[in-house]
Amino acid sequence: MDLNKTGSFIAELRKQKNLTQVQLASKLNVSEKTISKWECGKGFPDTSIMLPLCNELGVTSNELLSGKKLKDDEYKLKAEENIVELTRQNNLKNRFLLTIEWILGYFSVFILLVSTILASYLNIAEGWRIVIVLVGLVHCIVGVVFCMKIEKDAGYYECAHCKHKYIPTNKQIIWSMHMGRTRYMTCPHCHKKSWQKKKVEKD
Ligand SMILES: [Zn+2]
């Protein structure tokens, strides 16, 4: 996958359709800046916008990722290359998100701890103690909510019994017992409970 190649391909197709960057942007509900970023090879359309973009430009996502129109014999080969590359990038993104989650998790607990200690030992009016603890608590809760969102979005869990791989529901993330990234959950496939490890890559 070559960002520059895909970028100039998007620009070329847009001009063939007689669309300005502004017109294409408004059709896709994105900013003009986003379109220009793609066309300059400084960014890549998100998976959620990929299909609407391909529709507007009249190409397949495989062709968009390849940066050119594909002949029948090239098509399958390129599709496989593109899938491998997308998976690789997705794995990198997931690893990055999980690192952020780790840092954010510890930071949230740290803020709460510091605010509680400050509120207990500083010689200040009662009202201010409550304010400090509340501020710490709000930061902590916001941090934890973000962590849970990442926990749900990045990677997947694997059932210890049937090896079924799945993404848990919000309810499962909130209510299941967990130690680090291993959670005790019911598998949606075989309905057995087990300790399940978070995985990033599908193998
Ligand atoms: Zn299972």
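What is the volume of the largest pocket? I will come to the answer after two remarks on how the values were made. This is a predicted model, in which local features need pLDDT of at least 70 and side-chain atom pairs count only at pLDDT 80 or more, while totals for chains, interfaces and linings use all residues. Residues are numbered from 1 along each chain as its sequence is written, and side-chain values use heavy atoms, with hydrogens and water left out.

The volume of the largest pocket is about 560 Å³. A pocket here is an open set of points on a 1 Å grid over the protein atoms alone, where a 1.4 Å probe fits, with protein on both sides within 12 Å along at least five of seven lines; lining residues have an atom within 4 Å of a point. Grid points are joined across faces, edges and corners, and the volume is the space filled by probe spheres set on the points.

The largest pocket is lined by 20 residues, and those closest to its centre are Thr47, Leu86, Gln89, Asn90 and Lys93. By type, the lining of the largest pocket has eight nonpolar, seven polar and five charged residues.

Helix H4 (47-57) and helix H6 (72-121) each supply at least two residues of it. Helices (H or I, at least four residues) and strands (E, at least two) are DSSP runs, numbered from the N terminus.

Now the domains. The assignment gives domain 1 (3-70), domain 2 (90-153) and domain 3 (156-199), with bounds that come from an automatic or database domain assignment. The largest pocket lies between domain 1 and domain 2, because both give residues to its lining. The centres of domain 1 and domain 2, taken over C-alpha atoms, are separated by 39 Å.

The second largest pocket has a volume of about 400 Å³. Its lining has 14 residues, with Glu101, Gly105, Cys147, His178 and Gly180 nearest the centre. Seven of the lining residues of the second largest pocket are nonpolar, three polar and four charged.

Next, the chain as a whole. The protein chain has eight helices and five strands, in the order α-α-α-α-α-α-α-β-β-α-β-β-β along the sequence. Its radius of gyration is 23 Å, whereas a compact globule of 203 residues would have one near 17 Å. That radius is taken over C-alpha atoms, and the globule rule is 2.2 Å times the number of residues to the power 0.38. Along the principal axes, the C-alpha atoms fill a box of roughly 70 × 50 × 25 Å.

Of the 203 residues, 31% are buried. Buried means under 20% relative accessible area, exposed over 50%, and partly exposed in between (1.4 Å probe, protein chains only). Among contacts (heavy atoms within 4.5 Å) between residues at least 6 apart in sequence, 52% join residues at least 24 apart.

Asn82 lies in helix H6 and is buried, at a relative accessible area of 6%. Leaving out residues up to four places away in sequence, Asn82 touches Met1, Asn62, Leu65 and Ser66.

Beyond its neighbours within four places in sequence, Gly136 is in contact with Ile111, Leu112 and Ser115. Gly136 and Leu112 are 24 residues apart in sequence, yet 4.6 Å apart in space, C-alpha to C-alpha. Val131 is also found in helix H7, and is partly exposed at 37% relative accessible area.

Two loop residues remain. Asn29 is not a glycine but has a positive phi of about 60 degrees; it sits in the loop between helix H2 (21-28) and helix H3 (32-39). Asn29 is exposed, with a relative accessible area of 74%. His191, not a glycine either, has a positive phi of about 60 degrees and is found in the loop between strand E4 (182-186) and strand E5 (193-199). His191 is exposed, at 60% relative accessible area.

Note on methods: Ala, Val, Leu, Ile, Met, Phe, Trp, Tyr, Cys and Pro count as nonpolar, Asp, Glu, Lys and Arg as charged, and the others, Gly among them, as polar.
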